[in-house]
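Here's a quick briefing to read with the model open beside you.

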Amino acid sequence: MNTKPEYIKTSCFSEYDTLKRVVLCSPEFMTIREPINETQKQYLKENIDTKLAMEQHQQFVETLQQNGIEVLLLPPLKKFPEQVFTRDIGFTLGNQVFVAEMAHDVRKGEERPFVDLLEKEEMTYTNLIGDKIEGGDVIIDRNTIYVGISNRTNETAIKHLQSLLPSFEVIAIPFTDTYLHLDCVFNILSPNEALIFPGEIEPEKGKILASRYDLIEVSKEEQATLGTNVLSIGEKRVISLPINKQVNQRLKERGYQVIEVDITEIIKSGGAFRCCTLPLVRE
């Protein structure tokens, strides 16, 4: 008798619908070998306490599971020090999973364990071979997909994505090269609210976002601790860092349930909750 639960294989039409299935990877081999972002440069000398990072990650996994979310774990491999940031290796848009081709040498090849997982779970996927695009730059809200133009994602890849998803409106969002991915400066919380670190997004595109969302501004101090990079898990529940007190207070004032989890060791490498999760199913 087959007791395996039945799932819609893949479905993701927003950043805030109820999260059901998600891909993570333990930071077992996490270390800063060669700084690939500004945050890593700051922590290069101090580096990562891997044991503490693993403990914090496990707490995050357990928090997701306690909230009814199935967590699929990729096998951590020693050659991939950035593997904890599963968001970048792919993304689910509508009912399609896309597998990215990683841009930076230190991350090339991370896609393979993800492809193995998809094939084991019998999920179809589209391989974006030759495209320069990473999941941290890709944000979906119903029939609109916002894609950041960054050092990891270019306009050619965005045009290709639009051709693959003709029923969606794909909007390119240029932002300053100070930050690695779009989700470091912008993140959608609900159909009408979003977090933003002001002054980084190209002004005309910033106006479009301001016309569509009530923008909750994140301070420079809390952007440094990745205040925008929360994870919405549905029903106005948001996972956030305890240290980002202003962001958490503003969310609570707007009726969000803020679930605080400490992953401050992991954020030394430049990513927080959204970066560490690759949603497969939201409903």
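Predicted model: local features only at pLDDT ≥ 70, side-chain atom pairs only at ≥ 80, totals over all residues.

**Cavities**

- The largest cavity comes out at a volume of about 90 Å³.
- Its lining is made of 15 residues, and Glu 15, Arg 87, Phe 91, Thr 92 and Arg 274 are the ones nearest the centre.
- At least two lining residues of the largest cavity come from each of β3, β6 and β15 (278-282).
- β3 is the top contributor to that lining, with four residues.

**Nonpolar cores**

- The largest nonpolar core has 45 residues, and Phe 60, Leu 64 and Phe 186 touch the most other members.
- Six elements each put at least two residues into this core: β1, α2 (50-66), β8, β9 (186-188), β10 (193-196) and β12 (231-234).
- α2 gives the most to this core, namely four residues.
- If you skip neighbours within four places in sequence, Phe 60 is in contact with Leu 24, Leu 231, Ile 239, Val 261, Ile 263, Phe 273, Cys 276 and Thr 277.
- There's also a second, separate core of 17 residues, with Phe 91, Ile 140, Ile 158 and Leu 165 among them.

**Helix α4**

- In α4 (residues 155-164), the buried residues are Ala 157, Ile 158 and Leu 161.
- Look down the axis of α4 and those buried residues fall within an arc of 100 degrees, so they line one face of the helix.

**Salt bridges**

- Asp 17 and Arg 142 pair through their side chains, at 2.7 Å from N to O. The pair links distant parts of the chain, 125 residues apart: Asp 17 sits in the segment before β1 (19-25), and Arg 142 in the loop between β6 (138-141) and β7 (144-149).
- Asp 17 is buried at a relative accessible area of 17%, while Arg 142 is partly exposed at 37%. The cut-off to have in mind is that buried means under 20% relative accessible area.
- Asp 214 and Arg 254 form a salt bridge too, again with a 2.7 Å N to O distance. Asp 214 is in strand β11 (residues 214-217) and Arg 254 in the loop between α7 (245-253) and β14 (257-260), so this bridge ties together parts that are 40 residues apart in sequence.
- Both partners are partly exposed, Asp 214 with a relative accessible area of 38% and Arg 254 with 29%.
- Arg 112 bridges to Asp 116, with the closest N and O atoms 3.0 Å apart. Both lie in helix α3 (residues 111-120), four residues apart, about one turn of the helix.
- Arg 112 is partly exposed at 46% relative accessible area, and Asp 116 is partly exposed at 41%.
- Finally, Glu 15, Arg 87, Asp 183 and Arg 274 join up in a network of salt bridges.

Technical notes:
Residues numbered from 1 in each chain as written. Heavy atoms only, no water. Salt bridge = Lys/Arg side-chain N within 4 Å of Asp/Glu carboxyl O. Buried < 20%, exposed > 50% of the residue type's maximum accessible area, 1.4 Å probe, protein only. Arc of directions from axis to C-beta. Core = buried A, V, L, I, M, F, W, Y, C linked by side-chain atoms within 4.5 Å. Contact = heavy atoms within 4.5 Å. 1 Å grid on protein atoms, 1.4 Å probe; cavity = no way out; pocket = protein on both sides within 12 Å on 5 of 7 lines; lining within 4 Å. Points joined across faces, edges and corners; volume = space filled by probe spheres on them.
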